[in-house]
Amino acid sequence: MADWGPVVIAVVLFILLSPGLLFQLPGKMRVVEFGNMQTSGPAILVHTIIFFCLITIFLIAVGVHIYTG
């Protein structure tokens with residue numbers, strides 16, 4: 001049996017937390033900008049930290065597992 005939980009959670013979070021797709025924190029003109037499709041170095045760093053925190057919560061604290069086969 002393969003555990004697809006970590007893969008699915010990581011892919012979904014990676015897509016949703018891409019800087020500029022849904023939101024960018026910090027933005028270029030404001031603290032938070034929505035749907036501007038741009039990015040910057042600080043935004044990449046902040047989104048990386050948010051990604052790490054959320055994936056740690058979902059995989060270690062909650063223990064999300066999706067088994068196939």
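Okay, let's start in helix α2, where Ile55 sits; helices here are DSSP runs of H or I with at least four residues, strands are runs of E with at least two, and both are numbered from the N terminus. Before I go on, this is a predicted model, so local features need pLDDT of at least 70, side-chain atom pairs count only at pLDDT 80 or more, and totals for chains, interfaces and linings use all residues. Residues are numbered from 1 along each chain as its sequence is written, and side-chain values use heavy atoms, with hydrogens and water left out.

Back to Ile55. Is Ile55 buried or exposed? Ile55 counts as buried because its relative accessibility is 15%; the cut-offs are under 20% for buried, over 50% for exposed and partly exposed in between, with a 1.4 Å probe and protein chains only. Setting aside residues up to four places away in sequence, Ile55 touches Ile9, Ala10, Leu13 and Ile60, where contact means heavy atoms within 4.5 Å. From Ile55 to Asn36 you go 19 residues in sequence and 25 Å in space, C-alpha to C-alpha.

Glu33 is buried, yet it has no salt bridge, a salt bridge being a side-chain nitrogen of Lys or Arg within 4 Å of a carboxyl oxygen of Asp or Glu. The nearest side chain of opposite charge is Arg30, and that is 5.8 Å away; for charges, Lys and Arg are positive, Asp and Glu negative, and His and the chain ends are not counted. So what does the side chain of Glu33 make a polar contact with? It makes one with the side chain of Asn36, at 2.5 Å. By polar contact I mean N or O atoms within 3.5 Å; within protein, one must be able to donate a hydrogen and the other to accept it, and residues adjacent in sequence count only if both atoms are side-chain atoms. There's also a polar atom of the Glu33 side chain 2.7 Å from the backbone nitrogen of Met29. Beyond neighbours within four places in sequence, Glu33 is in contact with Leu22, Phe23, Gln24, Gly27 and Lys28.

Most residues other than glycine have a negative phi, and most peptide bonds are trans. Here, the bond from Leu25 to Pro26 is cis, with omega near -5°, and Pro26 lies in the loop between β2 (23–24) and β3. Then Met37, which is not a glycine, has a positive phi of about 55°. Met37 is in the loop between β3 and α2, and it counts as exposed because its relative accessible area is 61%.

Met37 also belongs to a nonpolar surface patch of about 1,100 Å², whose members include Trp4, Val8 and Ile66. Patch residues have over 30% relative accessible area and no salt bridge; like charges are joined within 9 Å, nonpolar side chains (Val, Leu, Ile, Met, Phe, Trp, Tyr) within 5 Å. Areas come from the Shrake-Rupley method with a 1.4 Å probe, and for residues only the protein chains shown count as cover.

Where are two of those members? Val8 is in helix α1, residues 5–16, and Ile66 is in the loop between α2 (41–62) and β4 (67–68). Val8 is partly exposed at 37% relative accessibility, and Ile66 is partly exposed at 36%. Not counting residues up to four places away in sequence, Ile66 touches Ala2, Asp3, Trp4, Gly5 and Val8.
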